[in-house]
Amino acid sequence: MQVVQVLLQLFLLVVGFVMLVKGADLFVDGASKVAERFGIPQLVIGLTIVAMGTSLPEAAVSTSAALKGSAEITIGNVLGSNIMNILLILGITSVISPLAVQMSTIKYEIPMVIGASVLLAFLGLYDGTVARLDGIILLAGMVCYLLYLLKMTKNEQQAAEDEAEENEKKDSIALLVLFIVAGGLMIVWGSDITVDAASILASMFGMDERIIGLTIVAFGTSLPELVTSATAAIKGKADIAVGNIVGSNLFNILFVVGIAGTITPVIYESKFIVDTIVCIATAILLWLCVIRTKKLKRHGGVILLICYAAYFVYLIR
């Protein structure tokens, strides 16, 4: 009976992940096309809607977990996703194909991730909770980041604006709105299933929800980033992979934890100290790997993967 129960929860966990990934895909596709219809530039769409879309699984799972009192999954999911995004996803992607890194990513965006990670550590560990005021501070940081993106967009020369991609795929606005609604519902429902299954598995195996959040749930919610980055690398179009991951990590801290903390205070237990330090160190390591060469080369990717292997061993030891 116990085996059947475990298999059922594992099946539900997979179903939840599939719903999260497909839901995010539908949501981003629909929102992007609606934005295009209203004349919003592609660059703005990519930096905001698409980046937010890949963070929607983290947002849904973290908020759902916080509302259900599973705060360890909320914080573990964000810290685990950010660590995994850099060490595992960029590690794998750069081993497939070395990644060019934009100057703005090195000068501004990676330092922003380091700063946001330090801010989260301070807000969470100072009093052991990310309360509503902390959430509002993080969301204010999110607004500042969006303003930075918009300013950067205006500075971009939009020479490539008229890409022959005027594929007016005649999707009606009604159909696109249906995509957005269906995607949103799948994300919410998928997050609910994922959190429930992960919590039940944790209790069945006597595992800490922190470990579940940092590993299994973090991997599931990072699937959109993994698929996107690996596919881009295989197609030789991985130039902006680092920028995308960095943007996703910023969204995870500022938007995901900000939203969760604003809705309901989230407990930030002292046992997350090591994971928090690893999260900050991971962003610093990425910056050190790319600052001189403006590239994340294969040997840099190998270093990232070795670091993730060491961290994973620490988690399961």
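Me: Which ring centres and planes make an aromatic pair?

Reply: Rings of Phe, Tyr and Trp (its six-membered ring) pair if their centres lie within 6.5 Å. Planes under 30 degrees apart are stacked, over 60 edge-to-face, and the rest tilted. This is a predicted model, so local features need pLDDT of at least 70, side-chain atom pairs count only at pLDDT 80 or more, and totals for chains, interfaces and linings use all residues. Residues are numbered from 1 along each chain as its sequence is written, and side-chain values use heavy atoms, leaving out hydrogens and water.

Me: How many aromatic pairs does the structure hold?

Reply: Eight. Take tyrosine 145 and phenylalanine 251: their ring centres are 5.9 Å apart and their planes stand at 80°, so this pair is edge-to-face. Tyrosine 145 lies in helix α5 (residues 132-155) and phenylalanine 251 in helix α9 (residues 241-263), so the pair ties together parts 106 residues apart in sequence. Helices here are DSSP runs of H or I, at least four residues, numbered from the N terminus.

Me: Are tyrosine 145 and phenylalanine 251 buried or exposed?

Reply: Buried means under 20% relative accessible area, exposed over 50%, and partly exposed in between (1.4 Å probe, protein chains only). Both residues are buried.

Me: What else is tyrosine 145 in contact with?

Reply: Contact means heavy atoms within 4.5 Å. Setting aside neighbours within four places in sequence, tyrosine 145 touches Met112, Gly247, Leu250, Phe251 and Leu254.

Me: Which residues touch the most other members of the largest nonpolar core?

Reply: A nonpolar core is a set of buried Ala, Val, Leu, Ile, Met, Phe, Trp, Tyr and Cys residues joined through side-chain atoms within 4.5 Å. The largest one has 56 residues, and those touching the most other members are Leu79, Leu90, Leu120, Leu138, Tyr145, Leu254 and Leu286. Elements giving it two or more residues include α2 (42-67), α3 (71-96) and α4 (103-127). Helix α9 gives the largest share, 11 residues. A second, separate core has 17 residues, among them Leu13, Val61, Ala65 and Val217.

Me: Which side chains meet in a salt bridge?

Reply: Side chains of opposite charge can pair when their charged atoms come close. The rule asks for a side-chain nitrogen of Lys or Arg within 4 Å of a carboxyl oxygen of Asp or Glu. The count is one salt bridge. Lysine 271 and glutamate 269 form it, at 3.6 Å, N to O. Lysine 271 is partly exposed at 33% relative accessibility. Glutamate 269 is partly exposed too, with a relative accessible area of 28%.
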